[in-house]
Amino acid sequence: QVQLVESGGGLVQAGGSLRLSCAASGIAFSIVAMGWYRQAPGKQRELVAGVTSGGNTNYADSVKGRFTISRDNAKNTVYLEMNNLKPEDTAVYYCNAQYITWEHWGQGTQVTVSS
């Protein structure tokens, strides 16, 4: 059974930092692409950052220079380091795993940035 379990969300003041973690089980973690998405109230879910099985990364323009995605294949975990957080970063953050046409989502973790 595939599971993606996010943690690390919470309430932080603008300018602060958070580190999200997503622990995966039931998958061959090292061969799947991993990503972080977010969905704010009334908005569509959007890609925040992704990392391929080979370690290549990509970011949404809105988070470039502030967020860093990384993966630890030994721990089957992907991380999202978020610095200089802004109120507009407030959303539910979801972990995603993809392999060719297969994908799986985590349950999400709330990030709230107060001004």
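Predicted model: local features only at pLDDT ≥ 70, side-chain atom pairs only at ≥ 80, totals over all residues.

Begin by selecting residues 91-99, which make up strand S9, together with residues 102-105, which make up strand S10; the two strands run antiparallel and are joined by four bridges. At one of these places, Tyr99 has Trp102 in S10 as its bridge partner. Two residues lie between S9 and S10 in this hairpin, and Ile100, in the turn, has a positive phi of about 55°.

Next, turn to the charged side chains, where a search of the whole structure finds five salt bridges. Select Arg19 and Glu81, whose side chains meet in one of them, with N to O at 3.8 Å. Arg19 belongs to strand S3 (residues 18-25) and Glu81 to strand S8 (residues 77-82), so that this pair links distant parts of the chain, 62 residues apart. Arg19 is partly exposed, at 46% relative accessible area, and Glu81 is also partly exposed, at 29%.

Now select Asp89 and Arg38, which form a salt bridge whose closest N and O atoms are 2.9 Å apart. Because Asp89 lies in the loop between S8 and S9 while Arg38 lies in strand S4 (residues 33-39), the pair ties together parts that are 51 residues apart in sequence. Asp89 is buried, with 0% relative accessibility, and Arg38 is buried as well, at 6%.

Arg66 sits in the loop between strand S6 (57-59) and strand S7 (67-72), 23 residues from Asp89, and both Arg66 and Asp89 are buried.

Notes: Residues numbered from 1 in each chain as written. Heavy atoms only, no water. Pairing = 2+ DSSP bridges. Salt bridge = Lys/Arg side-chain N within 4 Å of Asp/Glu carboxyl O. Buried < 20%, exposed > 50% of the residue type's maximum accessible area, 1.4 Å probe, protein only.
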